[in-house]
Structure formats: structure tokens, C-alpha cells
Amino acid sequence: MSHLVQNIAYSGETPWHQLGNRLPAKQSIEVWAEKAGMDWSICEAPVRYMTEQIGSLGSLRSFDEQKVLYRSDTKAPLSVVSERYQVVQPKAILEFYRDLTEVSGFELETAGVLKEGKKFWALARTGKETRLKGDDAVNGYILLATSCDGTLATTATPTTIRVVCNNTLSIALNGASSAIKVPHSTSFDAQAVKKQLGIAVSQWDSFMYRMKTLSERKVKSHESLNYFLKVLCQTDDHDNQPSGLKNERALKAVQSLYDGHGRGAQLASANGTAWGLLCAVTEFVDHEKRARSQGHRLDSAWFGQGASLKQRALDYALQLVE
């Protein structure tokens, strides 16, 4: 398993990132915590430093404005953060789903830890499903993730997964993601987030209606080229040669995926349609884009540059049907 990925567990089919240990269906939160490597807690300690060293001894002082976060199991340090930093524990991420899985029909499908414990998440299927033109199944999920090193607010995101290719796409309407973000300057209130998520999840039908319009929008060859140029090549560093070459490679890759080499590219919903354009980009990000490891690819696809690229792809695709 890669350096970036500490531990992952999943239930059902092998997830798109092809990482982790398989679990039987409908396991308890406690089993998920153990198998996903989330059965530890984040501890806090003051920041101390040595001064005025005389021989082997010195004066030990503290820096009260900062604190060290470390793992309870290995005692390994995780980060140094502000004294006001609000920690969200790994088990709190899984506990978020307890009533949703026991009462509301959600089912945990994958959970895990990245970067030695600095970032962790859980993904659950909501039970919502839509089929585009009969064969192209898209399922609804809720992704909850957080970090303890200041790189990610606690974020709950309604997400879709296209079954034929396992591509992930965050639900977004009117150019804005439906993600709910709780900064670490405030405490994480699971029930408040669920209330907001209820509103976001209710947007499923509206979002999928727009995806259906994409699957019905036929695209001409010059439109597909313009689309990929907008999505992949409109960066802030146009004059940067390495970036330009990288974009050229990406352009060829997504064009190939769109032209029939992508997973599900020949389905009626995707073949020569705006939905096919979007799927080519999401497949590129989730499966083809260069990454140091599958762990880095997952991190980018959900939380980093890959997620931004998919959002841009969605925004431009929706412009084709407006």
C-alpha cells in the first residue's frame, strides 16, 4: 500500500481507487473503525522547546499559542496547530453514519486514512439511483472527510458514482458545489451538518435531471475539442512549457476516452453527447491522470486538483445545455 494511504476498508465491489481490504456487507461501525484503521484517537500536547542548554540539561519552555496533535496508538506526531484548532476524531467520521446506516437505509462502502492519519474519510451509498437512457446507472453517495493538519475542513459532499466506470462526481448546481464545510475554527456538529445535507440530497433529482439533459445533448466534433480545451488548458500559466506539454497529453487522453476508449463510452447516454464529454474528464481524473500512487490519485480526485478539474468540467458541460 502506498505511503500516502495508511489504511482503507471497503464493502461490495472493488472501489474505483482499487485500494483497501474487503469487508462483508452491513458491518458495524466498530468493525469499520478497526478494518479501516480508524480505531485510534487524536491526542493533544503543548509545544515545548529547549533553551539555555548547559551540558546535557537545558531550560524547557512552552509555546502556549500552538499545540501538537499525535496518534494515540503509535504516538506519531500529526501536526502542530493553533491552540484554538477544533479536532474531529476519526471515529466521529464513522459515527456520523451510525443512524443513517441503521435507520435511513444508507450503506457504508469505503472508509480509510490517508497520510499516516492526517486525513480520513468515509463514503456511504444513499440508496438513490438513476439510469440514463436505460443502461447507464448512476448512484448517490455521501462523502464525509476531514484532516488534522489544516489542509481540509470537515467536508460533507453529496457525490455520484457512475457504475460502469466508478467515476466520481460531486453534486453541484448553479456552478456551486453542494458540499458543506465546517472549518476547524468551529466545533463539528454532526446533526447540524445532516440537516444541511438533507437540503443538498434533496437536490438529487434536479441534478440528475441536468445529467439527463447532458446525455441527450449531441455534440459536434468542434464542440468536443473546444470543451476539452476550456477544461484542460485554461490555466493561469499558459506560458509554462512543462504545463503546456502536460495539458497536451491530457487533451489526447480525454479525447481518446471520449472517442470510444473510455469505460462506458459506447453507451447511448455517452456516445457523442455532452454527458460523454463530462465522463471522459472524470474518468481521466479518477483512473488515468498521472499520480505518484493510487493514494495520491484518490487524494487529488476528491480533495485536490482533480476535484477542481472535475468541477470545471461539470460547469462547462452544463453551459452546453443552458
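Good morning. Let us begin with two helices of this predicted model: the axes of α5 (residues 204-216) and α8 (residues 274-288) come within 5 Å and cross at roughly 105°. Helices here are DSSP runs of H or I with at least four residues, numbered from the N terminus. The axes are lines fitted to C-alpha atoms over the stretch in contact, and angles run from 0 to 180 degrees between N-to-C directions. Because angles of 65 to 115 degrees count as roughly perpendicular, α5 and α8 are roughly perpendicular to each other.

A word on conventions. Residues are numbered from 1 along each chain as its sequence is written. As the model is predicted, local features need pLDDT of at least 70 and side-chain atom pairs count only at pLDDT 80 or more, while totals for chains, interfaces and linings use all residues; side-chain values use heavy atoms, leaving out hydrogens and water.

Which residues of α5 and α8 meet? From α5 come M211, L214 and S215, and from α8 come A274, W275 and L278; contact means heavy atoms within 4.5 Å.

Finally, S224 is found in helix α6 (residues 221-233). At 3% relative accessibility, S224 counts as buried. Thank you.

Notes. Angles under 35 degrees count as roughly parallel, over 145 as roughly antiparallel, 65 to 115 as roughly perpendicular and the rest as oblique. Buried means under 20% relative accessible area, exposed over 50%, partly exposed in between (1.4 Å probe, protein chains only).
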